[in-house]
Amino acid sequence: MRENVPFEVLDSIAVMRLAKMRSLAGRDLLIDLVALFARDVPTQIDACQDALARGDFEALRRAAHAAKGNAGVLGAVEFGAICARIEGRAESGDVSELSAFVQALPAAFHRAKAALDLIGVREDM
Amino acid sequence: MRILIAEDNSLERLLLQSAVESLGHECVVAKDGAEAWAIFETEEFDVVVSDWLMPEMEGLELCRHIRAQVDVPYTYVIILTGLAEKQYAITGMQAGADDYLVKPLDIDDLAARLGAAERMLAVQHRLVTADLAKDEILSVVSHELRTPLASLIGFAELLLLRDFDRAEQKEFLSIMVDEGRRLAALINDYLDIQRMEGGHQKIVPAPIGVDALLRRATNAWIGDSNRPLVVHVPKDLPEVAVDVDRIVQVLLNLISNAHKFSPEGGKITLAARAVEDEIEISVSDQGLGLPPEALPRLFERFYRVDTAERQQIKGTGLGLAISKSIVGAHQGRLWAESPGPGQGATLTFTLPIAGYDIRACL
């Protein structure tokens, strides 16, 4: 049922890596990771938006870096790539498209969350 | 291994912790470098796995703090970096990290890194142990060997410098012979225990009847009639599989200890019995006995029960340590019991009963 995994949102290699972890630590780990993702990432998106509004690039870099790390764990490549762009631009002080990327975060997060929920209920993972 | 994780990101922390625990290691987690350092200062860890970019003390600083520690067991440090942040791995290893892991975490990658850590720590442990053994040899040479040597030289000088009558000369010479023998025994015992504990002494077990084994020891024993040796061995005991010379050495050691610490007329009893799948052999005396605090320390090298009445009784302080390693090499146990000072002591050891497989081989 490969077509059920939305590859554009989630990275297939990361999904396989998670499957490997799941068989080792039990099914709860993936559920817990997705729950942590859903709990912590919205706060980090808020922090990005606040930092951008204040023009605090260091805070923006830190918040984007943290969100990127969370995305990396679950293979949320689309969301992670946006975070990486924000982190890079905040670090170099390049403001081009910065607010467009920050605005894109919530929708990308919801796509990642929906894809992860799909995987979370699959028994063959 | 005991592993400390420093990671600010909650998902990565959970993932890492689950992976480490699923690999069978014990794990403590900290949510940043500062917390990790506070934990590290009070507890010991084999491995620290630390994220690089963290608020409140980054991986670099944590790594430097750990490496600045001296006189503590070596801690293996693994730095976690993102795929695009490999330069941090290099900076980290320059700051004293031993290895790095690239995120996102892969469990096989982690397992391989922890395997490398385990190998390195094992080598380090062997070196530390060898170093301690070397220190002990130095202290033995400087203290235990010098005491009889000083006495030998002292009496020899006395004999050279002054004239003594025949009786005094004989007395001094016999002290010199005793001290010389003690020195020889000490060197032999010390080499023996080094060989035993270094695993260089191979135990070659062969089946033998318990009564035959005990007879080998009693025949070799030169006692005196003032402290009679009584033997109690039931006839129907099964055979044991032992390295006979080594177990006879243990028996002679226990009997000679019992003899040394027995008053005149004190009976020494050598007994054996079967208990489940083992043979229990004990040597009891009616001698000085042992204070309770001495019981757990009795088998340490050079440990001596320090009481006035024992001052005149000499020994190398290694006999029981050697006996314990010989018995241990036979998968047996050796222990001491005593109702208290002045009430005698019993030293008992166990030997596994010879299995049919061993007999079939012979």
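**The loop between β9 (268-275) and β10 (278-284) of chain B is the place of B:E276.** Helices and strands are DSSP runs numbered from the N terminus, helices being H or I with at least four residues and strands E with at least two. The model is predicted, so that local features need pLDDT of at least 70 and side-chain atom pairs count only at pLDDT 80 or more, while totals for chains, interfaces and linings use all residues; side-chain values use heavy atoms, with hydrogens and water left out. Residues are numbered from 1 along each chain as its sequence is written, and chains are lettered from A, with ligands numbered from 1, in the order in which they are written. Although B:E276 is not a glycine, its phi is positive, at about 55 degrees. Most residues other than glycine have a negative phi, and most peptide bonds are trans. B:E276 counts as exposed because its relative accessibility is 77%; buried means under 20% relative accessible area, exposed over 50%, and partly exposed in between, with a 1.4 Å probe and protein chains only.

**A:E97 sits in the loop between α4 and α5 (98-120) of chain A.** A:E97, a residue other than glycine, has a positive phi near 60 degrees. Of the 125 residues in chain A, 46% are buried.

**B:R227 is found in the loop between α8 (210-220) and β7 (229-232) of chain B.** B:R227 counts as buried because its relative accessible area is 17%. Leaving aside residues up to four places away in sequence, B:R227 touches B:H259, B:S262, B:P263, B:E264, B:G265, B:G266 and B:I268, where contact means heavy atoms within 4.5 Å.

**An open sheet of 5 strands in chain B has parallel pairing and the order β2-β1-β3-β4-β5.** Two strands pair if DSSP finds at least two bridges between them. The edge strands, each of which pairs on one side only, are β2 (26-30) and β5 (99-103) of chain B. On average, neighbouring strands of the sheet are turned by 20 degrees against each other, direction ignored. Strands β1 (residues 2-6) and β3 (residues 47-51) of chain B pair in the parallel sense over 4 bridges, and the bridge partner of B:I3 in β3(B) is B:V47. Helix α1 (residues 10-22) of chain B lies across β1, β2, β3, β4 (76-82) and β5 of chain B and runs at about 170 degrees to β2(B), whereas helix α2 (residues 33-42) of chain B lies across β1, β2 and β3 and runs at about 135 degrees to β2(B). Axes are lines fitted to C-alpha atoms, for helices over the stretch in contact, and angles run from 0 to 180 degrees between N-to-C directions.

**Strands β4(B) and β5(B) pair in the parallel sense over 5 bridges.** Within β5(B), B:K103 is the bridge partner of B:G82. Strand β5(B) is largely enclosed by the rest of the structure, because 4 of its 5 residues are buried. The peptide bond from B:K103 to B:P104 is cis, with omega near 0 degrees, and B:P104 belongs to the loop between β5 and α5 (107-144) of chain B.

**The largest pocket has a volume of about 1,000 Å³.** Of its 41 lining residues, B:N257, B:K260, B:K314, B:G315 and B:T316 are the closest to its centre. Two or more lining residues come from each of α7 (166-197), α9 (244-260) and α10 (319-329) of chain B, and the largest share, 9 residues, is that of α9(B). On a 1 Å grid over the protein atoms alone, a pocket is an open set of points where a 1.4 Å probe fits, with protein on both sides within 12 Å along at least five of seven lines, and lining residues have an atom within 4 Å of a point. Grid points are joined across faces, edges and corners, and a volume is the space filled by probe spheres set on the points.

**The second largest pocket has a volume of about 830 Å³.** Of the 40 residues that line this pocket, the closest to its centre are A:H65, A:K68, A:G69, A:G72 and B:E12. Elements of both chains give two or more residues to the lining, namely α1 (12-25), α2 (28-54), α3 (57-74) and α4 (77-92) of chain A and α1, β4 and β5 of chain B. The largest share of this lining, 8 residues, comes from α3(A).
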